[in-house]
Every structure is written in structure tokens, then in C-alpha cells.
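Here is a short report on one protein chain. Look over the sequence and the structure before reading on.

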Amino acid sequence: MGRILAIDYGRKKSGIAVTDPLQIIANGLTTVASHELFDFIVNYMKEETVEKIIIGHPTQNSGEDSESMKYIQPFVNRLKNKLPEIPVIWVDERFTSKLAFQAMIDGGLKKKARQDKALIDKVSATIILQTYLEQNRL
């Protein structure tokens with residue numbers, strides 16, 4: 001069984017989270033500059049077996065795609081073309097940044113740490129991955 005990798009894609013930086021090999025626990029991995037994300041994933045997959053990739057699907061409250069899809073879709077198309085054996089699955093990411101911020105408050109992080117956008121992106125990716133895991137439990 002391979003890991004599941006999740007991405008909270010941003011215009012500048014993207015948060016990444018992964019599961020353990022048994023796909024039970026979601027953990028924040030890192031934050032990567034978005035223009036380096038594809039290469040990061042390819043290199044990560046040389047070290048670890050990845051079974052599928054989860055991408056946060058940015059939507060508006062109405063359920064329609066948000067404007068940021070125009071930046072994310074080309075990246076997802078590239079993933080699907082270059083790594084056709086790896087399923088790419090969309091997960092609604094509405095409110096994940098707010099949930100991440102609240103999780104950091106609940107976790108006792110100081111205000112300075114909560115202003116770290118990279119940390120918010122990584123926690124958001126973890127929430128996206130946890131959402132996927134919870135929706136797909138047997």
C-alpha cells in the first residue's frame with residue numbers, strides 16, 4: 001500500500017501532506033514554491049510509493065469553481081499527463097484555510113506562528129487529506 005499525497009495549491013506556495021504507508025494518519029509534510037511543485041512530487045515519488053494524489057478543489061460558497069482554478073487546472077493536467085498511473089482526486093477545500101487557522105489557535109500557537117503562511121498551507125493540505133480519508137473510510 002502506498003501513501004496518499006495531498007496538495008493545497010496556491011499561486012505562490014503549495015502545502016503538501018501525506019499519509020503513513022497504511023493510509024491511516026494524515027501528516028503535514030512541507031510547503032513548496034508552486035513553480036517547483038511538480039519536480040518536488042516526482043522526486044518524492046522516487047523515495048516513497050504514492051498511490052494517489054488529492055488536490056484541494058477551490059470552490060465558492062455556491063459550489064462553483066473559484067477563480068483560482070485557472071491556476072490549478074494546468075498543474076493538474078500536467079500531473080495527469082506525466083503521471084498517468086497515479087489517480088488525481090479533487091476534494092472540496094472550502095474553508096480549509098479558516099479551519100487551519102483555528103486548528104493553530106486551538107493548538108496553542110502564538111500569533112507570530114499563526115501568521116506563517118507556509119504553515120497555514122501545510123495545515124490546510126493536512127485538513128484536505130484528512131477530509132478525504134474520513135469520506136473514504138470503509
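## The whole chain

This is a predicted model. The protein chain has 138 residues, and 43% of them count as buried. It contains five helices and five strands. Read from the N terminus, the elements follow the order β-β-β-α-β-α-β-α-α-α.

Now take the contacts between residues at least 6 apart in sequence. Of these, 59% join residues at least 24 apart. The accessible surface of the chain is about 8,000 Å². Carbon and sulfur atoms account for 52% of that surface.

## Asp20 in its loop

Where is Asp20 found? Asp20 sits in the loop between strand E2 (13-19) and strand E3 (26-33). Asp20 is buried, yet it has no salt bridge. Arg3 is the nearest side chain of opposite charge, and it lies 6.5 Å away. A salt bridge needs the charged atoms within 4 Å.

What does the side chain of Asp20 reach? It reaches the backbone nitrogen of Ile25, at 2.6 Å. Leaving out residues up to four places away in sequence, Asp20 touches Arg3 and Ile25.

Is Leu22 buried or exposed? Leu22 counts as exposed because its relative accessibility is 58%, and the cut-off for exposed is over 50%.

Terms used
Residues are numbered from 1 along each chain as its sequence is written. This is a predicted model: local features need pLDDT of at least 70, side-chain atom pairs count only at pLDDT 80 or more; totals for chains, interfaces and linings use all residues. Side-chain values use heavy atoms; hydrogens and water are left out. Helices (H or I, at least four residues) and strands (E, at least two) are DSSP runs, numbered from the N terminus. Buried means under 20% relative accessible area, exposed over 50%, partly exposed in between (1.4 Å probe, protein chains only). Lys and Arg count as positive and Asp and Glu as negative; His and the chain ends are not counted. A polar contact is a pair of N or O atoms within 3.5 Å; within protein, one must be able to donate a hydrogen and the other to accept it, and residues adjacent in sequence count only if both atoms are side-chain atoms. Contact means heavy atoms within 4.5 Å. Accessible areas come from the Shrake-Rupley method with a 1.4 Å probe; for residues, only the protein chains shown count as cover.
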